[in-house]
Amino acid sequence: MHPTTSLTQRTTALLAGALLALLAGCGAGGEKTGARGTEQAAPTGEPKKIAATPAGLPGMPPVQDPKDIYAADRPGMLSPVVKDFPSRIYVPNTNSNTVSVIDPATYKVIDTIPVGVQPQHVVPSWDLKTLWVNNNRGHTLTPIDPATGKAGEPVDVHDPYNLYFTPNGKYAVVMASLDRELVFRDPHTMETRHTEPVSCYGVNHADFSADGRYFIVSCEFSAELLKVDTEKMKVVGQQRLPFEGAMPQDVKLSPDGKTFYIADMIAHGVWVLDGEKFTEPRLMPTGKGAHGLYISRDSKEMYIPNRGEGSISVFDFAENKLTKKWWLPGGGSPDMGGVSADGKVLWLSGRYDSEVYAIDTQTGKQLARIPVGSGPHGLAVYPQPGRYSLGHTGVFR
């Protein structure tokens, strides 16, 4: 074929194709309809591209209510796993190396369990079946069967200051405070799966994003916060708090999943953080020695014990402000704890007073002050409503 003839045929074909494409991009009457034209011009069988909502952490139970991540924590919503467990308050006494067990119906200590050296927190497992006592200086975890209240054989785990579980239940995450590590372990055997070194000092508390893909960690001895990719098990963000001598403690996500709150016992308040952007947080003053953070059963309020002044501040999520402050009669050192299954009682350890406080969540009135061992710290109220545990003293979703 002559080169000129070939070129002419190709040119004619291209012009015809362009005319067809132009006609395909027009609706009846010649009005242009861009979206429809794009659909028709696509090759046969090619799916239409739609922007997808980012998926949650693989294997994580789906969020029940995007507007309230604590929707499964309402009164009476006990998992079948825990519904027959006796209601108890488990109090780790860091100086006595024991766990005091309180019957909340009588406000009496009914058992004292010997554990390892310096127990810091009692932590419900992801599957809700076991309570793990973090023996920080004893370098062990003591399992307690919440059905019987009996302790099992300790498991060797180095520097377990605190313990969390990834939202899909795949890993336990040990906050190795002095080792300066986040140690991802098998959630049942506690065998090491990955160790993530950190450059900050004193990793101690954390909470996970609504989709479970990252978590925020507080570093109490270097006044820093970390952002950690859950699936990659890697630190992806780090910042220093804008307060001289800051000492961040407990971390909690708001019910709508948009805001992280971090208690600070030296800044005497709570840092308010946008976890997605991980920009500099602002400080909300609450009281001297702000330490723990606990969500009410209706997800409307957050209780903030101020350990240095013997008070509890109450934050209203809808009003976005502090609305009440409750004072313990005669003072005290309210520290860590949890809310009763029915939502009526806030239980807190008295860190420096060898006692536990029971507080009415409607009135703020002290219902009981119970003597326990020396140095009570991260007590667990158990059982509590929820589908699974993220760890600490009981963070359920």
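1. Please keep in mind that this is a predicted model. Searching the whole structure turns up two cavities of 30 Å³ or more.

2. The largest cavity holds about 210 Å³ of space. Its lining is made up of 18 residues, and I295, R297, Q384, G394 and V395 are the ones nearest the centre. Two elements, β21 (294-295) and β25 (334-339), each give two or more residues to that lining. Of the elements, β25 supplies the largest share, three residues.

3. Around the second largest cavity you will find M60, V63, Q64, I69, A210, R387, Y388 and R397. This lining divides into five nonpolar residues, one polar and two charged.

4. Now for the packing. The largest nonpolar core contains 28 residues, and F260, Y261 and M302 have the most contacts inside it. Two or more residues of this core come from each of β14 (214-219), β17 (248-253), β18 (260-264), β19 (269-273) and β22 (301-306).

5. Leaving aside residues up to four places away in sequence, Y261 touches D250, V251, K252, S254, V270, W271, V272, L293, M302, F315, F317 and N320.

6. Another core, of 22 residues, lies apart from the largest one, and M60, F208, V217 and C219 are among its members. M60 also belongs to the lining of the second largest cavity.

Note on methods: Residues are numbered from 1 along each chain as its sequence is written. This is a predicted model: local features need pLDDT of at least 70, side-chain atom pairs count only at pLDDT 80 or more; totals for chains, interfaces and linings use all residues. Side-chain values use heavy atoms; hydrogens and water are left out. On a 1 Å grid over the protein atoms alone, a cavity is a set of points where a 1.4 Å probe fits but cannot get out, and a pocket is an open set with protein on both sides within 12 Å along at least five of seven lines; lining residues have an atom within 4 Å of a point. Grid points are joined across faces, edges and corners, and a volume is the space filled by probe spheres set on the points. Helices (H or I, at least four residues) and strands (E, at least two) are DSSP runs, numbered from the N terminus. Ala, Val, Leu, Ile, Met, Phe, Trp, Tyr, Cys and Pro count as nonpolar, Asp, Glu, Lys and Arg as charged, and the others, Gly among them, as polar. A nonpolar core is a set of buried Ala, Val, Leu, Ile, Met, Phe, Trp, Tyr and Cys residues joined through side-chain atoms within 4.5 Å. Buried means under 20% relative accessible area, exposed over 50%, partly exposed in between (1.4 Å probe, protein chains only). Contact means heavy atoms within 4.5 Å.
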